[in-house]
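Hello,

Here is the structure I promised to pass on. Please open it first, then read my notes below.

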Amino acid sequence: MSFLAFVLLGIVAMQQIPVSLLPSIPIGNITIKAVAEGYSSRKLEDEVIRSIRYQMMQISKVEGISSKTYDGLGIVELSFPIGTDMDLVLFEVNEQLDRVMGILPRNITRPVVMQIGASDIPIMYLNLTQKEQGHWTGTELSRFANDVVRRRLEQIPGVAFVDISGITHDELAITPNRARMELMGITISDIVNLLTNRNNKATTVRLQQGEQEFQIVFPALANTLPQLRKMEIRKDNRTVKLHEVCRIDIKTKPADGYCLYNGLPAISMAVIGQDGSRVGVVKEGIQDVVSQMTTNYPQMEFSTVNDQSEFLELTISNLVVTLVLGTLLAVAMVFLFIGSTRLPIVIGLSIPVSLLISILFFNILGISVNIISLSGLILGIGMMIDNAIIVVDNISRRYAITHDLSLAVIEGPIEVLLPLLSSVLTTTAVFVPLIFLSGISGALFYEQAIAISVGLFVSLIVSIILIPLYYKLLRSVHPADSTFASRIFQKFYERGFTFFEKHQKTLMLLCALLIVLGAISLINSKKEKIPEVTRTNAMIYVDWNSPITPQENYKRTQQLISIAKEKTSQQLAWAGRQQYFLNHLNDQDARETRCFFAFESVNNWLVTLDSMQNWLALNYPKALIEQEIVPNLFDYIFLDNEPELTLQLQYSKPEQALPDNSLPLITNIKKALRPLQVKDIAMHEQIHFNVDPQRLDALEIIPQQLLTNIELQLNNRKVSTISQGIDVKDIVIKGESLLSNEWANEVYVTNGGNARIALCKLGTEHRTVRWNAIYANKQGEYIPLAIQELGDANAQWAADQAKKVLQGNESWSVSAIGSATKQNAQFKEMMLVLLVSLGLLFFILAAQFESVTQPLIILLEIPINIVGVTLMLFLFGSSINIISMIGIVVMAGIVINDSILKVDTINRLRKDGVPVHDAVHKAGQIRLRPIIMTSLTTIFALIPFIFGKGLGNEIQKPMALAIIGGMGLGTVVSILFLPFFYKWLDGATNYIKKSLCRR
């Protein structure tokens, strides 16, 4: 009845447990974003970003500081160790930012501070477009998206908020008529003073009369367009209405960036889930809202892009498939090797019971159902089945010997309890070191370790207590003495044992050879951060590498994505700067664009990429194009679209980094790195106008008035706002938008005598080339040389080549960062984890067998099995990566379970007085059937991951390959090699004892 109660509680827990994409992990990254319109990248770096960067160095535990400064936009990235209290760090960052604000220019608004966790990854992108363009204006569509759709989505339980980009606003545009202004003696400064001094905002004043208090409201002087048009400018005893010298219109505010869906203007909404929400419920809620909106607003079209919840659904589907397949295989193994039609029911009942109780403990421990904990359960299912098979087999064996069912169901579980407990402890122990991995890996695999540990201990309890009860209730006849499958493997065992007994030296050489081959193949295998997966979704990044407007970027992006129209099912482009609050897309400026494509096949993507590269080379040869991955959940965590290697060329003086000065050096480094392809760095042209102070003095022009006057003519300037309820519009004086190359002849300045003087008469202009962005880290500014693919080269060689070029030039230095350097560090760390795991296994086995030598027998098979791992990875074109390394660790914990059971049986026989030779032979016969059954069940249950399609299968494929390769060879080692390991160790031990006695 107690198990029934736990099962019912497990069913209740399944309805309440959070179902999320990833565990709630505070990613140790904070972004500070500073916007400064009108600032060049150099001015913004010198006056703002450098001060912020230096101030942030005072924060405790900060690991890395980097910045990227564009014209008008600066971004500072801070990284902290995983596990850091990010709430405390966020408070400290804001405190340091407040301190530095006092030394920043007064016109700089306070930078935005953002901290993104794994739960802030968008569940999906929801895009809103019009079926018929022009039905609504861009502003009306934006209001609908922001005020209706966004609010409805944020009302869905489990939705934290909706991050939106692509919205537009109206503004009240005042366009001066230069000819009329000149005729009437009105200057732009007069218009600015009028709009600034005449308060356009409602004001409230408090009036106190005795014991009473009133609020006196003074309405805005100009709160409507007609009122604004009638405003008067008084100058030289004349009155001029504003509309007489200016055109006043309500226009759409020019955007800094655009979103395009399938080539049409769109509003993109990134749906962010709450921490601990049930993703399936959130998705259903989004679908309901979209369905209602589509019905109520048939002119609107909604579409979803990059739906991350599909990955969770796929993982759950994999769990169900593994559960069903594992159960069927276990049933088949029991039927083939034990010859019973009822005993498979025992196995089938134990698995769902173990899962439900495991889910109950998940809820108690505060673990959500996510792709990490589910992958732990997927691994755990095979081990759960193994426990059940071993107990059922041992009960059947005892029943066949004693012919007493009651005695068999008691003695059978007790006999294997200690080795099963040891197996659970050793399997759990190999996962403990994983949580000490640095970075996000350790934090993620903490939940996987807990999930597997919970599943195994629950399975052990179910196998020892519940399965004997099921067995007694369902068993009514004696098991078969030997089935056909048992006889086949028995003959294999006898022949193999006899062969190696006669050729023990050959066996020793074979073991040594396998160990050496395993070490060599592991070191020389291809290494990656995460496994390669088939991607039919793709993304490109384009830097137009020229000083274009956002509107021109929009136009070019439309042309670019039209190339892929026939070969794609979906296109989503982000041109120019985006309005998302969170930094789930990399920040970009007006000259950059990113395009998402959904293809039906990889070949379509390759053909389309080639076509786009050719089109860019023909029409925009300066443009730089890069292929980027479309991040899935694991990519968001483990990858950041960074190149394999980036050489940071550090310089001491800014003028050294100017393209004219640094390009020869960069060219020499590129030559030294051949045949590696170094990414080109985007540049843009700047106009420098040198004003002659003597001319200013001669013409009675004040320098500050000169700059203000020029800025008003060339740039749009917000001078005030006009509000009607919640509708607030900026009042903007429009600058000249179209000027010729002789712009300095068309821009004028008015001196103290109201004389109009062309700017060209006040100085000279020259044009220079600058990098699009200024990069910096803790050590200072640097130029990044990115290498996307290293091929057969390595990071150290590339860095050494660059150092040779810089040798003797003390003004420059070089350092290397990138995924290649991280992969090497990760590989070394995982190897250390494996060694620590082996150490834990040794101590657990030493405690069980009360011996420091017998654990060596069992652990010896792990380095032998590495050959099987690397062979399977090679045959299926996989690599050594974080997933396959975890597979090796898992294999190390699983593969020794059979050997533990076998050594325990040998020790029991020897205690009963059986000679060592007979004991190892008989133990092999006794444990042959459960070893074969558990090994085949585990291997066959993992085969679908090798040949299955979809992201979930491909991510877990390297782990499956590692386990299958290790288990396949490990089964042979456990059956045939281990008995001789035991005999050799026993002989060596006796020899040492005799030698000591002689002394």
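Start with the contacts of V454. Skip its neighbours within four places in sequence, and V454 touches S358, F361, F362 and L365. V454 itself sits in helix α14, which covers residues 439–474. Keep in mind that this is a predicted model.

Is V454 buried or exposed? It is buried, because its relative accessible area is 12%, and buried means under 20%. Now look at I359. It is 95 residues away from V454 along the chain, yet the two C-alpha atoms are separated by 9.0 Å.

Which residues make the contact between α16 and α27? From α16 come C511, L514, I515, L517, G518, S521 and L522. From α27 come P863, I864, I866, V867 and T870. Nine of these residues are nonpolar and three are polar. None is charged.

Now the whole protein. It has 999 residues, and 53% of them count as buried. It contains 30 helices and 30 strands. Take the contacts between residues at least 6 apart in sequence: 80% of them join residues at least 24 apart. The exposed surface comes to about 45200 Å². Carbon and sulfur atoms supply 57% of that surface.

Best wishes

Note on methods:
Residues numbered from 1 in each chain as written. Predicted model: local features only at pLDDT ≥ 70, side-chain atom pairs only at ≥ 80, totals over all residues. Heavy atoms only, no water. Helix = DSSP H or I, 4+ residues; strand = E, 2+ residues; numbered from the N terminus. Buried < 20%, exposed > 50% of the residue type's maximum accessible area, 1.4 Å probe, protein only. Contact = heavy atoms within 4.5 Å. Areas by Shrake-Rupley, 256 points an atom, 1.4 Å probe, with all protein chains shown as cover. Nonpolar A, V, L, I, M, F, W, Y, C, P; charged D, E, K, R; others polar.
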